[in-house]
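I opened the notebook today to look through one model and jot down what I found. These are my entries, in the order I looked things up.

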Amino acid sequence: MSKNFVSNKDETVRMFESDFLEVFSRVHFTVPLFIYLPVIFYFLYRSIFVFELNVVKIFSLIIFGIAVWTLTEYTLHRFIFHLEPKSEFGAKIHFIFHGVHHDYPNDSRRLVMPPSVSVPLAVLFYFIFNAILNPVNVAPFFIGFLLGYLCYDLTHYAIHHYNMHNRFWLAIKNHHMRHHYMDSKKGFGVSSPLWDAVMGTNFSKKDNE
């Protein structure tokens, strides 16, 4: 069993010499709520009062957005966050984006994505989806996408800092803990193990014993 961590305490390591950059590498877990909930309500307003979409279409596109987020979460975690370039510069970038989390998994200030990363990504994804779906359909779709993202961030924080008693949430937590402490090449889904099961990166029954 591999142990991919340096400390399990709520502590971290300094990543930047610049105090300014260091501040932006840490974030309280509630910050994404303050940023993205107003955006969600804005798109809900547009869906209902500007585009006058019916309830069924709004709900369907929100569910579709959540589903696309789960695949996005899996893809980013597996192919971007766990990409380990061999160059020294590439290794530093990997550590900044994700390696630090595996070394200090319970650092409460580095469990949700900092706005300096999440906001540019959200803008990029919005323009991509807008080009594919058109401005009318993208409004409710992006509600679901952002709800999925918030669920991911808050679930990730809860996994590392709350005791789970519900069977469903305990299973989600155990899935992520195995990714940290058993095999970091499996279990890339954080808010859901769905795509691990589909893509063959889930833990086996033997692993779960």
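Predicted model: local features only at pLDDT ≥ 70, side-chain atom pairs only at ≥ 80, totals over all residues.

**Entry 1: helix 3 against helix 5**

I began with a pair of helices. Two packed helices are described by the angle between their axes and the distance between those axes. For helix 3 and helix 5, I found axes that come within 7 Å and cross at roughly 75 degrees. Angles of 65 to 115 degrees count as roughly perpendicular, and helix 3 and helix 5 are therefore roughly perpendicular to each other.

Next I listed who meets whom. On the helix 3 side I noted residues including Leu 61, Phe 64, Gly 65, Val 68, Trp 69 and Thr 72. Their partners in helix 5 include Phe 125, Phe 129, Phe 141, Phe 145 and Tyr 149. I sorted the residues of this contact into 17 nonpolar, five polar and two charged.

**Entry 2: the cores**

Which residues have the most contacts inside the largest nonpolar core? I wrote down Phe 129, Phe 141, Phe 142, Phe 145 and Tyr 149, in a core of 32 residues. Helix 2 (31–50), helix 3, helix 5 and helix 6 each give two or more residues to this core. Helix 5 supplies the largest share, with 16 residues.

I then picked out Phe 141. Leaving out residues up to four places away in sequence, Phe 141 touches Leu 61, Phe 64, Gly 65, Val 68, Phe 129 and Leu 133. I also found a second, separate core of five residues, among them Phe 29, Leu 111, Val 112 and Tyr 157.

**Entry 3: Thr 72**

The side chain of Thr 72 reaches the backbone oxygen of Val 68 at 2.8 Å. Beyond its neighbours within four places in sequence, Thr 72 is in contact with Phe 125 and Phe 145.

**Entry 4: Ser 108**

I found Ser 108 in the loop between helix 4 and helix 5 (115–161). Ser 108 has 15% relative accessibility and therefore counts as buried. What does Ser 108 touch, not counting residues up to four places away in sequence? I noted Asp 10, Val 27, Tyr 157 and His 161. Val 27 is 81 residues from Ser 108 along the chain, yet their C-alpha atoms are separated by 8.3 Å.

**Entry 5: helix 4 against helix 6**

I checked another pair: helix 4 (residues 88–103) and helix 6 (residues 167–181) have axes that come within 10 Å and cross at roughly 95 degrees. That makes helix 4 roughly perpendicular to helix 6. The contact is made by His 98, His 101 and His 102 of helix 4 with His 176, His 179 and His 180 of helix 6. My tally for this contact reads no nonpolar, six polar and no charged residues.

**Entry 6: positive phi angles**

Last, I looked at backbone angles. Glu 52 is not a glycine, but has a positive phi of about 50 degrees. I found Glu 52 in the loop between helix 2 and helix 3, where Glu 52 is exposed, with a relative accessible area of 64%.

Asn 134 lies in helix 5, and its phi is near 80 degrees, a positive value in a residue other than glycine. At 33% relative accessibility, I marked Asn 134 as partly exposed.

Notes:
Residues numbered from 1 in each chain as written. Heavy atoms only, no water. Axes fitted to C-alpha atoms, helices over the stretch in contact; angles between N-to-C directions. Helix = DSSP H or I, 4+ residues; strand = E, 2+ residues; numbered from the N terminus. Parallel < 35°, antiparallel > 145°, perpendicular 65-115°, else oblique. Contact = heavy atoms within 4.5 Å. Nonpolar A, V, L, I, M, F, W, Y, C, P; charged D, E, K, R; others polar. Buried < 20%, exposed > 50% of the residue type's maximum accessible area, 1.4 Å probe, protein only. Polar contact = N/O pair within 3.5 Å; in protein donor to acceptor, adjacent residues only side chain to side chain. Core = buried A, V, L, I, M, F, W, Y, C linked by side-chain atoms within 4.5 Å.
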